[in-house]
Amino acid sequence: MGEVTREYLYVSGSGAGAVSAQAVVVYIVNVDGEIDYNAGYVAQVMGSTRNTTLDIYEPAAGNIHGGRVIWNLSDNKITTYTQGSSALPSKLSLSYNGVELVADNAIATLILSPEVISDYEGNIYPLVKIGAQVWTGLNWKSEFNMEGTPVTVYYFNDDSTANKNLYGGLYNWGTAVDDKFIPAGWVVPTLSEWLSMGSYLNNQGQKLKANILWYNLSNSDNMTGFRGLPGGVEEPKMECITNFIITGNGGRPL
């Protein structure tokens, strides 16, 4: 078993140890059932130009695939990135010993299950790995807590339920931090967690912004898959109400 992520890799500088690209990375699950972030296999490195028709970044040309990435989980950064020297691989073998490239004619079966969480209403939220953190890729939008009790203080953009699915909900702080509001094992991100993400991204906000709805789309590339939207705030009440993204370990070690 393993974890396959499409994530943004960033190490400043130049040369083979630097990287700023979206990539498909494969991590093995060790004998204890934990994901080994010390042995990431960079199966595909994406190019810097987004396919606007499909809204995806496609694999880069050249022999730069097959690299390795090692994470420092406590500091939320990459310890070591080793650029690959292979053409785009077509098949990989996963075992407790690691990830290896195998011949094109190798017999292999791959079953992928997307990693998601859901709220009480059954809304599905994709998960996005940014650095050593895991975030939801959509804003929370439930009108109920996880026990089915209606939330009493929330708004939708322009006070219209038509914006619920697009922007998610606007919640006051008391609602957002209620431990029954979100799934067990997850938390509303603290300021330090936001700052940690910003530090990993080198404060490149465009890596978080969706490719729609922003005034200046030339400054939005969404390489992280975070898909941040201009969800707004509720005024003139001047309460601290804003969209939020949940971050946590989802019941598995990080």
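Does Lys164 count as buried or exposed, and at what relative accessibility? In this predicted model, Lys164 counts as buried, at 13% relative accessibility. The partner of its side chain is Glu143, and the two meet in a salt bridge with an N to O distance of 2.7 Å. Glu143 lies in the loop between strand E11 (133-136) and strand E12 (154-156), while Lys164 belongs to helix H1 (residues 164-167), so the pair ties together parts that are 21 residues apart in sequence. Glu143 is partly exposed, with a relative accessible area of 22%; the cut-off for buried is under 20%. A further residue, Glu121, joins Glu143 and Lys164 in one network of salt bridges that share partners.

Of its 254 residues, 43% count as buried. Among contacts with a separation of 6 or more, 51% are made by residues 24 or more positions apart. The accessible surface comes to about 13,500 Å², and carbon and sulfur atoms hold 51% of that area.

Val4 and Val25 are 21 residues apart along the chain, yet their C-alpha atoms are separated by 5.8 Å. With neighbours within four places in sequence left aside, the contacts of Val4 are Val24, Val25, Val26 and Leu112.

What of the other charged pairs? The count comes to six salt bridges. In one of them, the side chains of Glu7 and Lys129 meet at 2.8 Å, N to O. Because Glu7 lies in strand E1 and Lys129 in strand E10, this pair ties together parts that are 122 residues apart in sequence. Glu7 counts as buried at 0% relative accessibility, and Lys129 is buried as well, with a relative accessible area of 7%.

Asp221 and Lys207 form a salt bridge too, their closest N and O atoms being 3.1 Å apart. Both residues lie in the loop between H3 and E15, so the parts tied together here are 14 residues apart in sequence. Asp221 counts as buried at 15% relative accessibility, and Lys207 is buried with a relative accessible area of 7%.

Not counting residues up to four places away in sequence, Gly228 touches Leu208, Lys209, Ala210 and Trp214. Its C-alpha atom is 9.3 Å from that of Gln206, a residue 22 positions away in sequence. Ile212 has its place in the loop between helix H3 (191-200) and strand E15 (247-248) and counts as partly exposed at 36% relative accessibility. Together with Leu166 and Leu213, Ile212 forms a nonpolar patch on the surface, with about 230 Å² of accessible area in all.

Most residues other than glycine have a negative phi. Asn202, in the loop between H3 and E15, has a positive phi near 55° and is partly exposed, with a relative accessible area of 45%. Asp55 has a positive phi as well, near 60°. Its place is the loop between strand E3 (40-51) and strand E4 (56-59), and Asp55 is partly exposed with a relative accessible area of 43%.

Finally, strand E7 (residues 92-95) and strand E8 (residues 98-101) run antiparallel and are joined by four bridges. The hairpin between E7 and E8 passes through two residues, and Ser93 has Glu100 in E8 as its bridge partner.

How values were computed
Residues numbered from 1 in each chain as written. Predicted model: local features only at pLDDT ≥ 70, side-chain atom pairs only at ≥ 80, totals over all residues. Heavy atoms only, no water. Buried < 20%, exposed > 50% of the residue type's maximum accessible area, 1.4 Å probe, protein only. Contact = heavy atoms within 4.5 Å. Areas by Shrake-Rupley, 256 points an atom, 1.4 Å probe, with all protein chains shown as cover. Patch = residues over 30% accessible without salt bridge, like charges linked within 9 Å, V, L, I, M, F, W, Y side chains within 5 Å. Salt bridge = Lys/Arg side-chain N within 4 Å of Asp/Glu carboxyl O. Pairing = 2+ DSSP bridges.
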